[in-house]
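Here is a short briefing on a ligand shell and an annotated site. Keep the model open as you read.

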Amino acid sequence: MNPTNTLAALPLAFRKLNPRQMVHSPVMFTVLIGSMVCTAVSIQQLATGSTTAVFSIIVTVWLWLTVLFGNLSEAIAEGRGKAQADSLRAARTSVMARRRTRALMPAGGSGAGRDGDAEAGHDEELVPGTDLKVGDIVICEAGDLIPGDGDVIEGLASVDESAITGESAPVIRESGGDRSSVTGGTMVLSDRIVIRITAASGKTFLDRMISLVEGATRQKTPNEIALNVLLASLTIVFVVCAMTLAPMANFANALPTPVVLVALLVCLIPTTIGALVPAIGISGMDRLIQRNVLATSGRAVETAGDITTLLLDKTGTITYGNRRAVAFLAADGVDRQLLIDSARLSSLADETPEGRSIVDLAVELAGGAGEVPGLDATATLTPEVEVIEFSAVTRMSGLNLPAGHPANPTPAVLEVRKGAASAVERYVKERGGFLPQKLQEAVLKISGTGGTPLLVSTYGGGRAQVLGVIHLADVVKPGMKERFAELRAMGIKTIMITGDNKITAAAIAAEAGVDDFVAEATPEDKLAVIKAEQEAGRLVAMTGDGTNDAPALAAADVGVAMNSGTSAAKEAANMVDLDSDPTKLIDIVGIGKQLLITRGSLTTFSVANDVAKYFAIVPALFAATFPGLGLLNIMGLASPESAILSAVIFNAVIIVLLVPLALRGVKYRAVSAAKALSRNLLIFGLGGVIAPFIGIKLIDLLVSLIPTIGN
Ligand SMILES: Nc1ncnc2c1ncn2[C@@H]1O[C@H](COP(=O)(O)OP(=O)(O)OP(=O)(O)O)[C@@H](O)[C@H]1O
Ligand SMILES: [K+]
Ligand SMILES: [Mg+2]
């Protein structure tokens, strides 16, 4: 415990003395009531000049300290987030936003295309970022601070997200794909993007992060509630015990009965764990934040400790997610330029990273001259052209060109499509076409290396034809294999679940070292796999980045969205990893386990402690009344007063001594939770029994020096 942190937390600890707040912790509330009763008794004794006033006052002071120490542990835990919240607030400076007002021209078709000039079609106005509403469209250029959370709907930019992630390397944010979300307070470094705002001012990611690190939104988890119920029951049992002692409590000559009874009660109820529960929970969340994971639910953090299955999306989660076209391969008898032109046509209105990279490669192969004759986007995408947008269900995208369109040589409507091999194969077969042997082999070859093959086809005038294949390449994030092996050692099964074909999936699965994979999965399939695992009684975590992952992220017991992903994914998940690292689950599981083990260990310690205190002080208390009990008085405490006082002091001091452990968490190693817990139960149970005998004896030696206490 850092002394300055402790000092800074003191005012908050006093504010937490408010009974309305304290009632949420039944154990500490009981101590508070006891302290009030003893205060009244002490004042009365002082007024009447009673000889036991000194004893009563010292006990009362230590009772108040017990309450205060409990509050202090919580205040220190909360205080650790304060500094972080302040630095986040600095990032939330108010900025002016360039907001689009209205379209000057009727929007042509569903996709004005990447080359369509937004400024030509729209007016804009300058408004404060705080005025932005959900659905507003804003424009950001190099050097601009992004005024709010949103999804990029046009363009691509490199963005400095260090204000929230602490990572200085810029990241790419682009429309269409799964890397489309931007966060208010981050800065555009290059290029120009158009953003649709997805969060109202005051409810942004930064706002949520701030209230999270400050603990303002913290809610009790089901485990904490269950523990509180247990502690409350124990408290009631001991209150009844203390009450029944009252009639025979003319023990030990003239001891002030109410004060002794309260002191005895406070020593017997589980004050240690009652005082430390909030600090344990808060610091667990804090440890997650230190590792750049934001959890919106404490329950998910605890559940993470018991996860047995982890599902992962492929593209953007296991791989970087910027799948890029690297080659075109034409079918026999097809002019390669026709393939390239058709691939480009099918991608003119495709705002996904895949679509954009196909256009880029086509332009590059044409000698890098910005436009290829006859395939200029604005001239091609006339209002009569029907844009077929990519969907994870159809796995295809493209255009329908009307007869007479300059890019359509046939007299009929020409359908240009590109997409997953199986989807395009089915599409052409349904229209009387076939997949040539050479392309089948090319598809297998590309897939075998972990690449994604996209087939390009046309259908017009009754003829369906596959023109060739596009090779999309993606890179597996580094260090996956070792980290997935670590997850296996922790008893967690990893399953990659992807919309890509079986062979690509198998290649990436082998490269990344996951245990199993599911290929050609629709969003419904992802959800179904989670439901099936849960019905088999397993706790499931899911990590993903795409809008099509959102239902699965929401259904999983622990849903971790990549920060690089879409707003929909981040909204659905109960955690966001700012580093977009799918193996971060190792840390999350560790923190979840540690949280549960820490709480279990300290509960054991607390209860063992209370039992031991009973045997330490009761014989001393009753030795005078029932001489037989003197045999049990092995501690040889100086006097009944000294026994009571020493126990109360020990009871208060032990809270302070355990605060660092509650904040840090007990040591956690990658063994099964059951093994770790049983080992800890032994240590903390035994320690809990022994500690009071030693502690109380030492305090007794000091306390008995006080006149009138030691007799
Ligand atoms: N822009 C596109 N146009 C046509 N087809 C595409 C496009 N992007 C992807 N595909 C095809 O659709 C398949 C499914 O893509 P999608 O990105 O939805 O997969 P997913 O379910 O998110 O899984 P993962 O992200 O792990 O690949 C891809 O494997 C690819 O074959
Ligand atoms: K106690
Ligand atoms: Mg995806």
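Ligand 1 is surrounded by 24 residues, counted when the C-beta atom, placed from the backbone, lies within 6 Å of the molecule. The closest are Lys314, Thr315, Ala420, Thr498 and Gly499. This is a predicted model: local features need pLDDT of at least 70, side-chain atom pairs count only at pLDDT 80 or more, and totals for chains, interfaces and linings use all residues. Residues are numbered from 1 along each chain as its sequence is written, while chains are lettered from A and ligands numbered from 1 in the order in which they are written.

**Shell around ligand 1**
- The shell holds six nonpolar, 11 polar and seven charged residues (nonpolar: Ala, Val, Leu, Ile, Met, Phe, Trp, Tyr, Cys and Pro; charged: Asp, Glu, Lys and Arg; polar: the others, Gly among them).
- Domain 3 (293–320 + 475–578) and domain 4 (324–473) each give at least three residues; the bounds come from an automatic or database domain assignment.

**Annotated site**
- UniProt, in an unreviewed entry, places a "binding site" at Asp545 and Asp549; such annotations may be inferred rather than shown by experiment.
- Asp545 lies in the loop between strand E18 (540–544) and helix H21 (550–555) (DSSP runs, at least two residues for strands and at least four for helices).
- Asp549 is in the loop between E18 and H21.

**Surroundings of the site**
- Asp545 is buried, because 31 other C-beta atoms lie within 10 Å (buried means 20 or more, exposed 12 or fewer, partly exposed in between).
- Asp549 is buried too, with 33 C-beta neighbours inside 10 Å.
- Beyond four places in sequence, Asp549 contacts Asp313, Lys526, Gly544 and Ala569 (C-beta atoms, placed from the backbone, within 7 Å).

Methods
Two residues are in contact if their C-beta atoms, placed from the backbone, lie within 7 Å.
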